[in-house]
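I opened this entry to record what I looked up in the model below.

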Amino acid sequence: MAATKKKAVRKAKKGERIRQVAAIPFRLNAHGDIEVMLVTSRTTRRFIVPKGWPMKGKSGRKAATIEAQEEAGVLGKTLKEPAGTYTYWKRLTNRFVRVDVIVYLLEVTEELADWQEAKRRQRAWLAPAEAAMLIDEPDLSTLVNTLTIARSAPIAPA
């Protein structure tokens, strides 16, 4: 994975757009309402969704699933079609680069008590409107906030 990040940084230095993949873990609560899981970032401790660099030989969907397991400790079914995209500015050592993120929804079937980044991150289940208020990236905030409207009908209870 480090090689993929280095490649992305090289592209960014040339002025090329770079991309990442992300997962929005979700579940239906006892009332049938959608809840989404946010995790804290490792450095700034802001609430974000699990995301990472594309992985060689893996689809964006599969990479997003792996990131959700590593960063949030959740397993489940990642929906085939992306839920949307957002853009953010990533802080590198001596600059900021624009990153386009393709977002997939992950229907959580299992929440692990111990996972790879458990000591470095916190996670929280929230209603989409509450989660949206905690997210700094406007496009991601909008995407999360609209899940109650745009995504509630086709999602069946687990």
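**Burial and fold**

I first checked burial in this predicted model: of the 158 residues in the protein chain, 44% are buried.

I then read the secondary structure and found five helices and eight strands in the protein chain. Along the sequence, I wrote down their order as α-β-β-β-β-α-β-β-β-β-α-α-α. I also looked up the sequence range of the contacts: among those between residues at least 6 apart, 67% join residues at least 24 apart.

**Nonpolar cores**

In soluble globular proteins, nonpolar side chains tend to be buried together.

Which residues of the largest nonpolar core touch the most other members? I found I24, V36 and L140, in a core of 26 residues. I traced at least two residues of this core to each of β1 (18-28), β2 (34-40), β6 (84-91), β7 (96-111) and α4 (138-145). Of its contributors, β7 gives the most, with five residues.

I next listed the contacts of V36, leaving aside neighbours within four places in sequence. V36 is in contact with I24, P25 and F26, with A124, W125, L126, P128 and A131, and with V144 and L147.

Finally, I noted another core, apart from the largest one, with 16 residues. Among its members I recorded A23, M55, I66 and L106.

How values were computed
Residues are numbered from 1 along each chain as its sequence is written. This is a predicted model: local features need pLDDT of at least 70, side-chain atom pairs count only at pLDDT 80 or more; totals for chains, interfaces and linings use all residues. Side-chain values use heavy atoms; hydrogens and water are left out. Helices (H or I, at least four residues) and strands (E, at least two) are DSSP runs, numbered from the N terminus. Buried means under 20% relative accessible area, exposed over 50%, partly exposed in between (1.4 Å probe, protein chains only). Contact means heavy atoms within 4.5 Å. A nonpolar core is a set of buried Ala, Val, Leu, Ile, Met, Phe, Trp, Tyr and Cys residues joined through side-chain atoms within 4.5 Å.
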